[in-house]
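Q: Could you walk me through one part of this structure in some detail? I'd like to look at the sheet with its packing helices, and at the core that goes with it.

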Amino acid sequence: MTDPLELLWVCLETDAPRLTVADLGHWPPGVVQQLIALKLLERTDNSTQVVCPNCDRGHVEEVMPRRGRDGTVRFFIRCPEALKVEIPETLLYQWTIGFESLVQWLAEALTLKGRPAVIVPDRLWRLGKTLWQGVNREVILIRGLAWPDVRDITRHIGPHGRPIVLVADRVPMTNVWPGKPPAVVVISHLVTVDDHGLQVDAADLAARVNEADQYVAKFMAAPATEVEQKLAIRRQVKAERKSELEDDVLVAAYLEFGSIRAAADGLTNRGDRKVTKDKVYGAVKRAGGIHAVARTEDSMSVHRSVASQHRDSGKKIVK
Ligand SMILES: [Zn+2]
């Protein structure tokens, strides 16, 4: 992948983050080891479905556990090319994101003062404070700023716009905040991975906070008229619909071509733009992962399913 962590940030914005063995297979093994060592990835419940490893059809099957006489459990699936295929349990492993570890790691990497604290479980954390041009500012991590309950979450940051808010991969609209918008910084821009491990660029954070502050200052100096606000909301909704449509095309191609790589190649050959594997992969992940996408294939309701899984779909925009 061009950015091995992209999938992690996409996952951070899903309701119950799950990364499968196949997901981890997209990252260089060193990156996976680092994420596990830092407890940013933690083992969770086993998957109950798996892509058949026996043939190249890429079909997804429900796993049937069978307990033997000696008490050990073995796992099987059906495959058209063999009656029953045994699945090693390791193929069913899944990981979730260790929120507390992520918060701790970010706080240390950004050398923040004070102890991190959970404000809203699984949604909002106080990472610590940073001295900013002579003033202490709270650094906060929020998940799910595009979800319908966003206002219940954001009210915890107060109306003064002083905090620096870290978000996974998308800046929310200014109207999700309870007052003056805070400086919002996207983590996926800050964190990189190389041979030495995960890195946070603190200088880059400073530049991005500056930029965000300037944006907020401009916004506050010239509050948009009602008409302008409506136009801005309409533009945002349009942009979100466009990215939903784009996701639908990518997911449909994945189902048509049968694999991430084939879908990327197929779309690239079909059109005049280069479609990367990461792009297809991100769309499939946002649609609930390959298992959910494969499940919808039979009912031919891919489009609806994908749209309904967008918790940030246009109609849920907060006004
Ligand atoms: Zn098979």
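A: Two residues are taken to be in contact if their C-beta atoms, placed from the backbone, lie within 7 Å. Keep in mind that this is a predicted model. On that basis, and leaving aside neighbours within four places in sequence, leucine 141 is in contact with Val103, Leu106, Trp125, Leu127 and Leu166.

Leu141 belongs to the largest nonpolar core, which has 40 residues. Together with Leu127, Ile140, Val165 and Leu166, Leu141 touches the most other members of that core. The largest share, five residues, comes from helix H1 (residues 6-12). Domain 1 (6-97) and domain 2 (99-223) both contribute residues, so this core lies between them. Apart from it there is another core of 15 residues, including Val251, Leu267, Tyr281 and Val284. As a rule, in soluble globular proteins nonpolar side chains tend to be buried together.

Zoom in on strand E10 (residues 124-132) and strand E11 (residues 135-142): they pair in the antiparallel sense over eight bridges. Tryptophan 132 sits opposite valine 135 in E11.

Most residues other than glycine have a negative phi. Glutamine 133, in the loop between E10 and E11, has a positive phi of about 45° although it isn't a glycine. Glutamine 133 counts as exposed because it has 9 C-beta neighbours inside 10 Å, and the cut-off for exposed is 12 or fewer. Threonine 111 is found in the loop between H4 and E9. Threonine 111 is not a glycine either, yet has a positive phi of about 45°. With 10 C-beta neighbours inside 10 Å, threonine 111 counts as exposed as well.

Key. Residues numbered from 1 in each chain as written. Predicted model: local features only at pLDDT ≥ 70, side-chain atom pairs only at ≥ 80, totals over all residues. Core = buried A, V, L, I, M, F, W, Y, C linked by C-beta atoms within 7 Å. Buried ≥ 20, exposed ≤ 12 C-beta atoms within 10 Å, placed from the backbone. Helix = DSSP H or I, 4+ residues; strand = E, 2+ residues; numbered from the N terminus. Domains from an automatic or database assignment. Pairing = 2+ DSSP bridges.
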